[in-house]
Amino acid sequence: MNIDTLTSVKPFLDDDFLLQTETARRLYHEYAKDMPIIDYHCHLPPDQIATDKRFDNLTQIWLYGDHYKWRAMRTNGVPERYCTGDAGDYEKFEKWAETVPYTMRNPLYHWTHMELKNPFGVETVLNPDTAREVYDTCTQQLRDRWTTRSLLQHFNVQVVCTTDDPLDSLEYHRQIAESGFATRVLPTFRPDKAMNVDDPEVFRAYVQRVGEVCNCDLRTLNDYLDCLKQRHDYFAEMGCRLSDHGLETISSVPYTDSDIQRIFRNLLNQTPITPEEAEQFRSFMLVQFAEWDWEKGWTQQYHLGALRNNNRRLLRELGPDTGWDSIGDFAQARSLSRFLGGLDDQNKLAKTILYNLNPGDNEVIATMAGNFNDGSVPGKIQFGSGWWFLDQKDGMEKQMNALSNMGLLSRFVGMLTDSRSFLSYPRHEYFRRILCNLYGNDVENGELPNDVEWIGKLVQDICYNNAKGYFGF
């Protein structure tokens, strides 16, 4: 018998996709599905929102800059010219369409077809035979209907928080705000370059830019801190509510003020510093930024555990953020405890979200968050959603199970896109279906009471309400 004739085979990506029980289906369709989105961490380019950019074709909005897809294509034997090279847009799409059938059981297979279905209404399975039809249909809609702003409105995105260097002018955020666009687009303070002294020459160039932007003859550490504080204040004036760091680990080693003054002078004077001194400087700067965040009532975010730029040859050829990063296996607990504990001792610990990239550290991070939840704010210290390599079904389930076991899933601020693509918002749908399935299965297994109204409220809180209250949007 042909398997397609078996009644037990569910259709792919139907309305009950990933929802295994009747309770899960009720929770998703009646409670989660229509909740608005607060995208409190992403990498969307604000200039494209300000100009309401219209894309010429599907490749431009879907494949440009997407290192997830590039990694899959390379693994499938696709030459680099079809990923980041000079091949034509349709040629690149053809190679992606050839790769898609081989991505089964990779989250890209789900994301690809969810993004075709919403917003384009395309339910065709993408493969080489359907590539032309899919490309033409979606491209026509992009030319006739979809722009960056119309996509945000279509997905019911209320708030977007971009990721911005302290020296960014934020001119596009201002332009968006003055335009009256219904979706609020706010900056996030990401000062990694301001404390990264691994390459002293690059750091000195950044310090020079800080002085230029702040119109300051920057000679001392205090000058440097004053200028960065000005930028922090400016971000606040522009509506910023969050900071963010992308780190292998939290730096938290002892230092004195004289140590940091000396290290900064040596950096400016091109005197070599030791790895231990670099760690001291990062430790000092992290505390400065954290205290400023606390003063303003911001939320600080720490993305921990990525081992970046592993392929040095292709990094030299293509640059960063082109797909050469992986999960790291760093020790996280002790330095994180020192850092959070030091701020808490001074009553200067801001609301904090800890994102973990190594699933082996899920329980470490979940229990560390509990150490500093002091009752002042529900879920003050958050174990952030599955990040990067872990923002897929298995990764999300593991993160939510660890949080459930070690803390309160009910106080979780939920999903974010962490994406550069305006088509990534079905990831919120993906998360919501997985969340509802977890709760639904527990109800039908007798592990939770059959109180759909209360559990539905918890689901809505995790999807939207918790983030709205936590960030003050």
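Modeller: A residue is called buried when its relative accessible area is under 20%, and that is the cut-off to keep in mind as we read this predicted model.

Colleague: With that cut-off in hand, how many residues of strand S2 are buried?

Modeller: Strand S2, which spans residues 157-161, is mostly covered, with 4 of its 5 residues buried.

Colleague: Which strands are joined to S2 by bridges, and which residues stand opposite one another?

Modeller: The general idea is that, in a regular strand, the side chains alternate between the two faces of the sheet. In this structure, strand S1 (residues 37-39) is joined to S2 by 3 bridges, and the two run parallel, with isoleucine 38 standing opposite valine 159 of S2. Another 3 bridges join S2 to strand S3 (residues 184-186), again in the parallel sense, and here cysteine 161 stands opposite leucine 186 of S3.

Colleague: In what order do the strands of the open sheet containing S4 follow one another, and which of them stand at the edges?

Modeller: That open sheet is formed by 5 strands in the order S4-S5-S6-S9-S10, with parallel pairing. S4 and strand S10 (381-383) stand at the edges, and because each has a single partner strand, one side of each is left without a neighbour in the sheet. The partner of S4 is strand S5 (residues 242-247), to which S4 is paired over 2 bridges in the parallel sense, and within S5 the bridge partner of threonine 188 is leucine 242.

Colleague: Turning to the aromatic rings, how many aromatic pairs does the structure hold, and what is the geometry of the one between phenylalanine 189 and phenylalanine 289?

Modeller: Planes over 60 degrees apart count as edge-to-face. The structure holds 27 aromatic pairs, and one of them, between phenylalanine 189 and phenylalanine 289, is edge-to-face, with 65° between the planes and 6.1 Å centre to centre. Since phenylalanine 189 belongs to strand S4 (residues 188-189) and phenylalanine 289 to helix H13 (residues 275-296), the pair ties together parts that are 100 residues apart in sequence.

Colleague: Are phenylalanine 189 and phenylalanine 289 buried or exposed, and which cluster of rings includes them?

Modeller: Phenylalanine 189 has a relative accessible area of 1% and is therefore buried, and phenylalanine 289, also at 1%, is buried as well. Ring pairs link Phe189 and Phe289 with Phe235, Trp292 and Trp298 into a cluster.

Colleague: Where do the charged ends of lysine 296 and arginine 132 sit?

Modeller: The charged end of lysine 296 sits over the ring of tryptophan 298, 5.9 Å from its centre, while that of arginine 132 sits over the ring of tyrosine 90, 3.9 Å from the ring centre.

How values were computed:
Residues are numbered from 1 along each chain as its sequence is written. This is a predicted model: local features need pLDDT of at least 70, side-chain atom pairs count only at pLDDT 80 or more; totals for chains, interfaces and linings use all residues. Side-chain values use heavy atoms; hydrogens and water are left out. Buried means under 20% relative accessible area, exposed over 50%, partly exposed in between (1.4 Å probe, protein chains only). Two strands pair if DSSP finds at least two bridges between them. Rings of Phe, Tyr and Trp (its six-membered ring) pair if their centres lie within 6.5 Å; planes under 30 degrees apart count as stacked, over 60 as edge-to-face and the rest as tilted. A charge sits over a ring if NZ of Lys or CZ of Arg is within 6 Å of the ring centre and within 35 degrees of the ring normal.
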